[in-house]
Amino acid sequence: MSVTKVLLAEPRGFCAGVEKAIKALAWMVRVFEPPIYCYHEIVHNQLVVERFRKLGVVFVDTVDQVPPGAPVMLSAHGTAPAVVTSSQEAGRISINAVCPLVTKVHHEVKVRSQRGYEIIYIGHRGHDEAVGTVAVAPESVHLIEDEHDLRELDRIDGPVALVAQTTLSMDEWAEVRQEVEREYSEIWMPTKSDLCFATTNRQGALKEIAQRADVVVVLGSSNSSNTVALEKVARSRGVTQVFRVNSASELPRDLAGVVGVTAGASAPDELVDEVIASLNPTHGVEVVHYTAEEEYFPPPPELRDFLRSLSALLKVALASPLPYGTALEDDASVSASRTLMELNRDLSESKTPR
Ligand code: SF4
């Protein structure tokens, strides 16, 4: 490879919702004996899912697969209300790691449906987030992916609301929204866009590097909606060589010139480090700063309650300090990347013969 420079997008990689979900599942791994169950991939990233799998997490597609009494976590993408309810039955310990920004969209759908609106939802068919959101009010929601789907939709006569999957590309959202606005004179839309801050920030940062790069590398999995959105953004900015890769091993060997690097919201920083090492730019790395992200989402309330109760019990039974309660207070200062690396180290040590 003869890469001269890497332009590294900032922000990139883990968002606050993914941080919350990974750290919450890490808590489950520390506290419970395996197997621990997770409904759907905790986040859409191969490395993250595989690491948890090695630690005894079993990923399931239906809650029926979770035995009575077992611990189960619901993923960051949001879960259908009926599945949330059934996850809490049969004595299961159910922790919901849904991102609060997905919960906001669920709330919009629920309220508008109760008020008699028909809801046009722009999202990706089959994606976990879209499946969970549609299930909030299936009788009122019309899922469309693009203008073609909108044209296929029967005319709606009553009040119309327009909501969206949080991880669409900004262009994709804008194009379909304009078409919906042309079709319907009065539409309810949330005051604050459903596209989340992490999605828009990562796309904004990528636009800045795309105009200076010969090649763009996007780290993330093919089933990660916001990762795929980043690919689209790079292409829409005229970059002809755009590569989405799961890891450095998938990089083409003949990359040259200035390479822009970014990562989807579920891709760990350790993968970015490996990609940069592999690109080995002769003139180093320039971080292209778009904006700072300071959002923090605390652990799920059920997990906080559970850990505090466990802590109190340990204190009484063993007269020990409050390990979980104290560590929870520090949650904001510990990154999910560090948590993943620590889990990996624990895994390696447990395999080392003594
Ligand atoms: S991408 Fe946005 S909606 Fe999805 S988990 Fe991250 S912050 Fe939440």
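Helices (H or I, at least four residues) and strands (E, at least two) are DSSP runs here, numbered from the N terminus. I'm working on a predicted model, where local features need pLDDT of at least 70, side-chain atom pairs count only at pLDDT 80 or more, and totals for chains, interfaces and linings use all residues. Residue numbers start from 1 along each chain as its sequence is written.

**Entry 1: the whole chain**

I looked up the secondary structure of the protein chain and got 13 helices and 13 strands. Its radius of gyration (over C-alpha atoms) is 22 Å, close to the 20 Å from the globule rule (2.2 Å times the number of residues to the power 0.38) for 354 residues, so the chain is as compact as a globular protein of that length. I then boxed the C-alpha atoms along the principal axes and found roughly 65 × 60 × 30 Å.

How many of the 354 residues count as buried? I get 41%, with buried meaning that 20 or more other C-beta atoms, placed from the backbone, lie within 10 Å of the residue's own. I also checked contacts (C-beta atoms, placed from the backbone, within 7 Å). Among those between residues at least 6 apart in sequence, 76% join residues at least 24 apart.

**Entry 2: two domains**

The protein chain is divided into domain 1 (2-14 + 197-289) and domain 2 (101-188), with bounds that come from an automatic or database domain assignment. Their C-alpha centres lie 30 Å apart. The contact between them takes nine residues from domain 1 and ten from domain 2.

Which helices supply at least two residues each on the domain 1 side? I find α8 and α9 (225-236), and α9 has the largest share, with six residues. By class, I count two nonpolar, six polar and one charged on that side. For the classes, Ala, Val, Leu, Ile, Met, Phe, Trp, Tyr, Cys and Pro are nonpolar, Asp, Glu, Lys and Arg are charged, and the others, Gly among them, are polar.

Conventions
A residue is buried if 20 or more other C-beta atoms lie within 10 Å of its own, exposed if 12 or fewer, and partly exposed in between; C-beta atoms are placed from the backbone. Two residues are in contact if their C-beta atoms, placed from the backbone, lie within 7 Å.
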